[in-house]
Amino acid sequence: MSINGRAYIAGAYEHPTRKAPDKSVAQLHAEVARGALADAGLSKDDVDGYFCAGDAPGMGPLSMVDYMNLRARHVDATDTGGSSYLVHVGHAAEAIAAGKCSVALITLAGRPRSEGMATGTAARPGNPAQPDVQFEYPYGPTVANMYAMCAMRHMYEFGTTGEQLAWIKVAASQHAQHNEHAMLRDVVTVADVLDSPIIADPLHRLDCCVITDGGGALVVVSPEVMQGLQRPRIKLLGAGEAVKGQSGGQADLTYSAAAWSGPRAFAEAGVRPSDIKYASIYDSFTITVLMQIEDLGFCEKGQGGRFVADGNLISGVGRLPFNTDGGGLCNNLSLIHI
């Protein structure tokens, strides 16, 4: 079943706060839900599908549906880390196409800044039942040092430089200066990035995303519901999913699962990378963006460094503007970019 033209994004909302010591995670979920529904011209009573991931407190959708007093007939708690909410958009469109729901609400929220989480820089205590934990946890893996290994390998394989990675942060900062809610609004230079402290070689502090509180939400609806709304019609054309694992220890660190999910999404949508005029790309680190630009087909593998350099990701300047709200590198932590 194709989702092409079977669902629309009717509403979106991003919480304006970047530090919320006075709010619970559940409250943040509810506030972004209310904002997205208001944007769509709908109410909570219209929602019959709810989607969330591991950031939702309690028992995920069971707890949040009760907390927000929703009457959902379809729920989905798929958790694929930072990509969960993109996966949810595809799953919502599939559920709508299958007649399981007609108004799907997707929410994300968190308080890592208020809770003092060393997001990405501290080893996570794992469940011993997880198959990878017993082998990896003794070595203290963190998100930052694992992405640093990806960056180092990419540099070794393809000659990518720290200066090229820095251009990604420069582009994000150029965009964030226009976003009143962005955590980091100061425009930075390549030199600023390279002069910032090393977090995990070769990644500098400014190569890493910000740590904030906040949240975001989307409302995905059926074509029939969309017809009754006074909103721009944002039609969903395609989606793709893929998982890249350890491959029995033979993993190539220079590419991501976007190498598989991207072509599937483009094929379903009936478009090519060359048709894209703007891209929202997950930017936990600068190397994350560079790898995905290659994997999604915007340039050949190994040419990402040259592609992102010299302002090529800056709106109004380059050929592929990205994350014009400042993204995770400057605006907020792991929220939904539209």
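A disulfide is counted here when two cysteine sulfur atoms sit within 2.5 Å of each other. Keep that cut-off in mind for the cysteines below. What you're looking at is a predicted model, and the protein in it has 12 helices and 8 strands.

**Overall shape**
- The protein has 338 residues, and a compact globule of that length would have a radius of gyration near 20 Å; the value here is 20 Å, so the two agree.
- If you follow the C-alpha trace along its principal axes, it spans about 55 × 45 × 45 Å.

**Inside and contacts**
- Of the 338 residues, 48% count as buried.
- Take the contacts between residues at least 6 apart in sequence: 72% of them join residues at least 24 apart.

**Surface and charge**
- The accessible surface comes to about 15800 Å², and carbon and sulfur atoms account for 52% of that.
- On the charge side, there are 26 positive and 35 negative side chains. The centres of these two sets lie 5 Å apart.

**Cysteines**
- How many disulfides does the structure hold? The count is 0.
- Cysteine 52 is in no disulfide, and its nearest cysteine sulfur, in cysteine 101, is 14 Å away.
- Cysteine 52 counts as buried because its relative accessibility is 0%.

Note on methods
Residues numbered from 1 in each chain as written. Predicted model: local features only at pLDDT ≥ 70, side-chain atom pairs only at ≥ 80, totals over all residues. Heavy atoms only, no water. Helix = DSSP H or I, 4+ residues; strand = E, 2+ residues; numbered from the N terminus. Rg over C-alpha atoms; globule rule 2.2 N^0.38 Å. Buried < 20%, exposed > 50% of the residue type's maximum accessible area, 1.4 Å probe, protein only. Contact = heavy atoms within 4.5 Å. Areas by Shrake-Rupley, 256 points an atom, 1.4 Å probe, with all protein chains shown as cover. Lys, Arg positive; Asp, Glu negative; His and termini not counted. Charge placed at Lys NZ, Arg CZ, Asp CG, Glu CD.
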